[in-house]
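This report walks through one structure, from annotated positions to chain contact and strand pairing. Please keep the sequence and the model in view while reading.

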Amino acid sequence: MTRALHLAVALDGTGWHPAAWREASARPTEIFTARYWLDLVLAAERGGVDFVTIEDSLSLQSSVFAAPDDRTDQVRGRLDALLIASSVAPLTTRIGLVPTVTTTHTEPFHVATALQTLDFASEGRAGWRVQVSASSAEARHFGRRTIEPLDLEAYRRGEGEALMRELFDEAGEVIEVVRRLWDSWEDDAIVRDVENGRFLDGSKVHYTDFAGRFVSVTGASITPRSPQGQPPVTALAHATIPYELAAEHADLVYVTPHSPDDLERILAEVHDAEARLRDPVRPPLLVYADLVVLLEEQADAAENALRLLDDLAGAPLTSDALVVAGTPAALVERLLDGHRRGLDGFRLRPARLPADLDAIAGSVIPALEAAGVRAAAASDQSGASASGSAATLRDRLGLERPANLFTASTRPTEVRA
Amino acid sequence: MSTSELRQVHLAAHFPGVNNTTVWSDPSSESQIAFSSFRHFAQNAERGYFDYLFLAEGLRVREHKGRIYEADVAGRPNTLAILAAVAAVTEHIGLVGTLSATFNEPYELARQLATADHLSGGRIGWNVVTTSDAFHGANFRRGAFLDRDDRYRRAAEFLEVSRQLWDGWAPDAVVADKAGGRFLSPAGVTEVDFHGDFFDVTGRATVSRSPQGHPLIVQAGDSAAGRDFAAQHADVIFSLHSEFADAQAFYTDVKSRLPALGRDEDSLKVLPAVTFALGDTQAEAEERARDIALAQTSGATAIAFLERIWGRDLTAYDPDGPLPSIDPDPAGAGITQGRANNAADPQSTADAWRARAEAEKLSIRELVIALSARHGFVGTPSRVAEEINRFVQERASDGFVIVGHTNPYGLDEFVDTVVPELQNRGVYRTSYENGETLRHRLGVREYA
């Protein structure tokens with residue numbers, strides 16, 4: 001098989017169209033239940049999806065940029081994504097689980113241990129979608145820092161540049177300290193030496209000793225190194241600053257090209273950031289494109305369905321990502337084209353849940369398998385490790401289990417004895 | 001007394017902790033961190049109809065003499081993430097986690113607890129703890145910032161903000177009227193606007209009202225301030241008073257605080273932590289208790305126990321020999337970090353221990369075993385059940401937090417043998433009520 005085309009699905013509420021909750025098959029009253037999320041993730045897993053991301057934020061959804069709205073005609077409210085992933089973990093076996101966790105208001109120590117715990121509970125299928133929060137209202141939920149209100153026009157004029165730089169610098173520090181916490185226990189730190197009364201070899205548990213501009217963490221994680229060691233870190237990026245964050249710190253970036261030319265420009269910018277900022281010992285940054293998808297067997301049926309939803313919503317769907325309403329076959333052509341142009345994979349955002357997820361699982365993935373860019377889901381061994389144990393998310397993404405930062409020849413800093 | 005008049009026993013299952021109560025050297029001991037251990041432990045407790053599983057937390061790996069402490073089990077999961085995962089493999093048992101009111105922020109923690117309550121169908125509880133020392137603070141954004149005396153004030157304010165957030169969504173806020181196009185009722189979500197000494201929180205919660213409304217609140221404070229806090233805010237006290245007379249005095253004290261607060265006696269449950277050793281005969285049980293104590297106290301553990309008082313390195317001493325004649329180092333206080341048991345006066349403690357060891361002809365290790373023999377129930381399953389029942393009928397407790405000594409099979413035997421004895425006495429449930437919340441099961445205040 002040639003270079004594999006990876007496929008992720010982004011789960012959010014009842015889907016990415018603001019009127020999707022009004023579809024006959026939608027389950028809007030169940031979005032606060034474990035069963036709802038389990039059903040979605042199981043459908044994705046059965047279909048052979050590599051991983052799901054779960055959207056989140058520390059404020060209500062809104063139709064305006066970085067500020068709340070008072071709308072009652074769209075889905076509002078959500079559960080904590082990391083805990084959804086944790087509850088799904090023991091009941092799934094193959095699919096990667098990548099919750100969104102904010103770096104702006106959270107404690108890096110808790111973020112690190114929570115993701116490690118997800119990695120234990122899923123036996124190596126955890127990942128992290130890093131997100132910053134520029135919302136003034138969200139900052140008032142914490143009362144620790146003030147973020148000036150910023151509207152989209154001002155942001156587009158570049159007025160938010162200093163804020164964005166600060167939030168992404170902080171995110172970079174948080175990822176760095178989380179990675180150190182993940183490696184703070186060597187894999188063989190637990191020795192269970194009954195003869196000498198030693199459960200632990202203390203010399204293999206390391207201080208993180210990170211003191212940055214925004215966050216400081218001194219001690220080791222309370223959680224031992226997890227099955228993957230380093231769960232994959234992913235980030236959505238639309239501009240230079242987040243491209244740089246991804247290039248320096250992440251394993252995978254989601255980008256939002258709207259045309260082949262756009263894709264070429266974005267890939268060039270991402271590769272430029274990588275050349276400048278990425279540690280050459282690390283594997284290359286994986287690049288996925290995000291697409292909002294609405295799928296029907298007939299093209300005009302898809303267009304009609306989108307128009308109906310737009311009418312219900314009172315406005316055409318707008319998104320940072322390209323919106324594609326069409327047949328699974330046409331989507332597959334688009335995916336293969338992007339793959340040929342250098343993308344490692346796609347993250348599909350179903351406009352309607354579960355309808356478009358079912359189409360991805362039932363039609364899109366089988367077509368990709370037939371095209372020879374994915375192994376058959378039924379005999380899914382993609383990336384199964386040499387030892388024969390179940391594939392981790394890193395295996396699935398083609399990432400080796402990394403050496404521990406504290407034992408590799410290039411230590412992050414001098415580590416306290 | 002007819003069965004209907006008998007007070008009912010409540011039981012919690014303490015997941016083995018990271019201290020020397022947990023015997024990691026036992027051949028049956030398995031991983032303290034693998035999910036399979038949590039799954040077994042929780043499912044076994046559920047098989048025994050326990051009210052809830054209890055999980056402790058420590059936010060820094062323990063240190064001794066400036067180094068990572070090696071003799072005890074170490075390494076545990078993130079509390080909320082593991083409870084959410086355990087919820088998925090259990091159906092009825094409550095899930096209570098320890099979470100710091102110092103190193104969390106109310107908006108985020110209240111949201112996570114409400115999420116976990118949804119994901120578990122109303123089975124979540126929060127053991128509220130406070131921490132203030134610089135050792136733990138060094139792992140967090142705020143660092144060490146809290147005066148000791150402010151810990152309970154901050155915790156009370158933290159709880160108040162959390163309750164406002166939990167009340168932020170009306171029970172019927174989600175309408176989801178597809179035809180009419182209304183997802184939320186207009187007045188369904190109210191804005192919290194809290195300004196206190198410790199927190200300023202303005203905005204709306206993101207999680208709809210959870211099955212319990214407010215997760216169960218557990219508290220373990222023992223000081224006067226801690227008891228006041230519990231009487232005011234808690235639904236369950238996790239108590240350390242497990243000797244009968246002491247337990248009864250504590251029980252009477254905290255329950256007597258309730259009427260003035262407008263609470264009835266049963267709205268606050270008191271559950272002391274207790275260990276156990278079982279046998280077919282009393283002699284066999286006592287022999288097992290001795291074996292467990294020996295296993296809990298390795299030579300390294302015994303020396304470290306003394307070093308916490310002596311404040312100096314004692315590794316040159318033989319744990320099976322006499323106590324050191326050298327005196328404690330007054331500058332050595334705080335030799336251990338990450339656990340709370342430093343004596344107020346090391347010299348007088350050392351003098352007393354030396355006197356006892358001499359009088360009873362005890363080695364270092366034997367003394368430490370004698371000193372750390374916590375109250376536990378030792379006997380046949382019938383006798384242990386009778387003791388548990390006596391505490392409950394005579395108002396010394398409302399039940400117990402049962403602490404096993406091995407992971408993850410440490411409570412299996414208790415479930416197999418003691419639980420049926422309790423059931424036979426008509427003081428313990430023989431099934432779970434379907435769809436029941438944890439609050440309802442415990443008979444405490446309900447907010448649904």
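Asp56(A), neighbours within four places in sequence left aside, is in contact with Arg78(A), Asp80(A), Ala81(A), Pro99(A) and Thr100(A). Contact here means that the C-beta atoms of two residues, placed from the backbone, lie within 7 Å.

The model is a predicted one, in which local features need pLDDT of at least 70 and side-chain atom pairs count only at pLDDT 80 or more, while totals for chains, interfaces and linings use all residues. Residues are numbered from 1 along each chain as its sequence is written, and chains are lettered from A and ligands numbered from 1 in the order in which they are written.

## Annotated positions in chain A

An unreviewed UniProt entry lists Asp56(A) and Thr100(A) under "binding site". The two span 45 residues in sequence, yet no two of their C-alpha atoms are more than 5.5 Å apart, so they gather at one spot. UniProt positions are given in the numbering used here, feature names are shortened, and annotations may be inferred rather than shown by experiment.

Asp56(A) sits in the loop between strand E2 (51–54) and helix H2 (81–88) of chain A. Thr100(A) belongs to strand E3 (residues 96–102) of chain A. Helices (H or I, at least four residues) and strands (E, at least two) are DSSP runs, numbered from the N terminus.

A residue counts as buried if 20 or more other C-beta atoms lie within 10 Å of its own, as exposed if 12 or fewer do, and as partly exposed in between, with C-beta atoms placed from the backbone. Beyond its neighbours within four places in sequence, Thr100(A) is in contact with Thr53(A), Ile54(A), Glu55(A), Asp56(A), Ala81(A), Arg129(A) and Gln131(A).

## Annotated positions in chain B

In chain B, the UniProt annotation "binding site", again from an unreviewed entry, covers Thr98(B), Tyr152(B) and Ser223(B). Thr98(B) lies in strand E5 (residues 94–100) of chain B, and Tyr152(B) in helix H5 (residues 151–166) of chain B. With neighbours within four places in sequence left aside, Thr98(B) is in contact with Leu55(B), Ala56(B), Glu57(B), Thr79(B), Asn127(B) and Val129(B).

| Residue | Other C-beta atoms within 10 Å | Class |
|---|---|---|
| Thr98(B) | 19 atoms | partly exposed |
| Tyr152(B) | 21 atoms | buried |

## Where the chains touch

The contact takes 62 residues from chain A and 64 residues from chain B. On the side of chain A that touches chain B, two or more residues each come from H2, helix H3 (108–121), helix H4 (136–140), strand E5 (190–193) and strand E6 (198–200) of chain A. H3(A) gives the largest share of that side, eight residues. By class, that side has 32 nonpolar, 20 polar and ten charged residues. Ala, Val, Leu, Ile, Met, Phe, Trp, Tyr, Cys and Pro count as nonpolar, Asp, Glu, Lys and Arg as charged, and the others, Gly among them, as polar.

H3(A) itself has 14 residues and reaches 20 Å from its first C-alpha to its last, close to the 20 Å expected at 1.5 Å a residue; the expected span is 1.5 Å times one less than the number of residues. H3(A) is mostly covered, with 14 of its 14 residues buried. Glu123(A), which follows H3(A), has a positive phi, near 55°.

## Strands of chain B

Strand E1 (residues 10–14) of chain B is mostly covered, as five of its five residues are buried. His10(B), Ala12(B) and His14(B) point one way from E1(B), and Leu11(B) and Ala13(B) the other way. In a regular strand the side chains alternate between the two faces of the sheet.

E1(B) pairs in the parallel sense with strand E16 (residues 399–403) of chain B over five bridges, and Leu11(B) has Phe400(B) as its bridge partner there. Strands count as paired if DSSP finds at least two bridges between them. E1(B) also pairs in the parallel sense with strand E2 (residues 52–55) of chain B, over three bridges, where Ala13(B) stands opposite Leu53(B).
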